[in-house]
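Please read them with the structure open.

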Amino acid sequence: GYVPLYAMIIAGWHPLLIGGMLVAVHSINFAILWAITDRILPSEIPGKAALCFLGVGLSFVAPIQLTMLGGTFLDPITSIFVLSGLWLLISNTNNAAPRTAVLIGTAIGLAAGLKLTNLLMIPALAFAIEAAHDRHSMRAIASRFAAYGAGVLLGVTITHGYWSHELMRETGNPLFPLLNNIFQSPDFPAIAFQDRRHFGDGWLGVLTFPLTMLAHRGWVYAENIVADVRPLALCVSLVVAAIWTATRKREAGPTTPKQREALAIRALLIFVGVFYLTWMATSRIGRYALVLWLLVGPLIIAVLVRIRWRIVTMSIAALTIGIQLLFFFNTGNLRWTPAPWGDQWMDIRLSEELREKPSAYLTIGTLSFSAMIPYFNEKSRFANIAGQYMQPVGTRMTLKMREFLETTLPLKAIFVATGSDAEQIREELRADVNATLSLY
């Protein structure tokens with residue numbers, strides 16, 4: 001997924017051009033969101049284009065989305081495939097054709113292969129496929145699931161097949177380091193790796209999380225401040241719409257355009273609900289749920305227009321956008337590490353010795369410095385011994401780490417020293433690095 005980005009960087013493209021290309025690709029999400037909004041709105045509703053614009057606008061102001069727009073995160077690219085699969089699903093409600101399920105599965109499989117965290121969406125989309133159908137015979141369900149599964153396998157193979165093969169050859173785990181409790185690679189603990197940085201509220205947090213997302217502080221569901229009022233607005237809209245629907249008679253008879261729209265909304269809500277629960281149980285890292293935050297906009301509009309009170313729809317949508325913009329005003333820059341534009345996307349300057357002579361480099365800390373590797377001599381080797389994962393010492397040291405330390409190449413350490421007192425920091429870090437390395 002990062003190959004096109006690095007190809008542009010290595011080719012020496014200007015950062016504005018690279019950023020423009022990334023924005024253009026990421027913006028495909030909004031074209032698909034427009035198509036999704038158009039599909040779930042009543043076909044005869046007046047001002048449909050304005051409502052689609054409002055729905056996409058509500059998606060655009062998602063703080064997680066704005067944090068990543070035009071940046072190097074992979075999530076805004078994988079979301080294109082997921083949203084495409086969802087659009088294909090809601091465009092074929094009550095269509096039991098296996099080829100449709102294959103295409104939907106391939107779309108989510110492509111996303112999962114590009115970034116493995118998207119594997120968590122596969123069960124949610126399976127539930128959504130069934131929610132998009134009124135006919136649920138065992139034969140039809142089995143046929144759809146088999147076709148969907150085949151599509152998922154095809155998609156994952158296309159985007160991750162080569163890397164799975166390489167990881168299996170190098171580590172013995174095709175999804176390294178994930179699910180190592182199953183694959184038992186000797187290069188990582190035999191655990192199901194899980195990032196739990198954003199856990200804390202238990203299962204009660206599942207119900208209160210839309211309120212928690214209003215908090216104007218970091219480390220709620222991202223490292224930076226990404227307060228978001230839109231999920232709470234969606235919850236309020238669903239309650240209001242449920243009350244309205246309870247007082248109305250359900251239309252009977254053959255499948256009508258209105259019923260197809262209802263099936264489409266039901267499928268999206270089931271996908272959102274199942275994936276939300278899965279996400280809350282596994283990571284609660286906002287970037288991994290980008291698709292959820294993008295779908296909030298169209299769903300708010302689609303749910304509110306069912307009330308038939310246009311003033312309510314427009315008021316809640318406008319109020320939501322207004323509050324979100326106020327959040328942005330108070331937050332300031334949403335980027336993780338904002339920096340002024342320069343002549344290079346990554347300004348990496350290496351001495352001639354580092355460029356020309358191979359060495360073995362040790363990194364200490366959560367940064368792997370992998371983005372720098374193409375600038376070093378191609379025969380250089382790199383290992384992170386502490387930070388990403390604390391390499392064991394003594395007899396428990398992994399074979400790969402032992403071979404790395406026994407290299408005949410010069411052994412060097414990479415660490416960060418910034419600011420006006422960089423020299424003092426460098427000396428302090430040098431002592432810390434030497435203390436850590438002395439264990440090995």
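1. Salt bridges overall. The structure holds 12 salt bridges, a salt bridge being a side-chain nitrogen of Lys or Arg within 4 Å of a carboxyl oxygen of Asp or Glu. Glu-166, Arg-169 and Glu-170 are linked in a network of such bridges.

2. Basis of the values. This is a predicted model, in which local features need pLDDT of at least 70 and side-chain atom pairs count only at pLDDT 80 or more, while totals for chains, interfaces and linings use all residues. Residues are numbered from 1 along each chain as its sequence is written, and side-chain values use heavy atoms, with hydrogens and water left out.

3. Asp-38 and Lys-48. These two residues form a salt bridge, with 3.4 Å between the closest N and O atoms. Asp-38 lies in helix 3 (residues 28-40) and Lys-48 in helix 4 (residues 48-60), so the pair ties together parts that are 10 residues apart in sequence. Helices (H or I, at least four residues) and strands (E, at least two) are DSSP runs, numbered from the N terminus. Asp-38 is partly exposed at 33% relative accessibility, whereas Lys-48 is buried at 18%. Buried means under 20% relative accessible area, exposed over 50%, and partly exposed in between (1.4 Å probe, protein chains only).

4. Asp-75 and Lys-115. The side chains of Asp-75 and Lys-115 meet in a salt bridge at 2.9 Å, N to O. This pair links distant parts of the chain, 40 residues apart: Asp-75 is in helix 6 (residues 75-90), and Lys-115 is in the loop between helix 7 (98-114) and helix 8 (121-131). Asp-75 is buried, with a relative accessible area of 3%. Lys-115 also counts as buried, because its relative accessibility is 17%.

5. Strand pairing. Two strands pair if DSSP finds at least two bridges between them. Strand 1 is joined to strand 2 by 6 bridges, and strand 1 (residues 360-365) is joined to strand 3 by 4 bridges. Leu-362 stands opposite Ala-383 in strand 2 and has Ala-413 as its bridge partner in strand 3. The bridge partner of Tyr-361 in strand 3 is Lys-412.

6. Lys-412 again. The side chain of Lys-412 also meets that of Glu-353 in a salt bridge (3.4 Å, N to O). Here Glu-353 is in helix 16 (residues 352-356) and Lys-412 in strand 3, 59 residues apart. Glu-353 is partly exposed at 44% relative accessible area, and Lys-412 is partly exposed at 25%.

7. Glu-261. This residue is in helix 13 (residues 257-282). Is Glu-261 buried or exposed? Glu-261 is buried, with a relative accessible area of 7%.

8. Ile-10. Ile-10 is in helix 1 (residues 3-10) and is exposed, with a relative accessible area of 51%. Ile-10 and Pro-374 are 364 residues apart in sequence and 8.3 Å apart in space, C-alpha to C-alpha.
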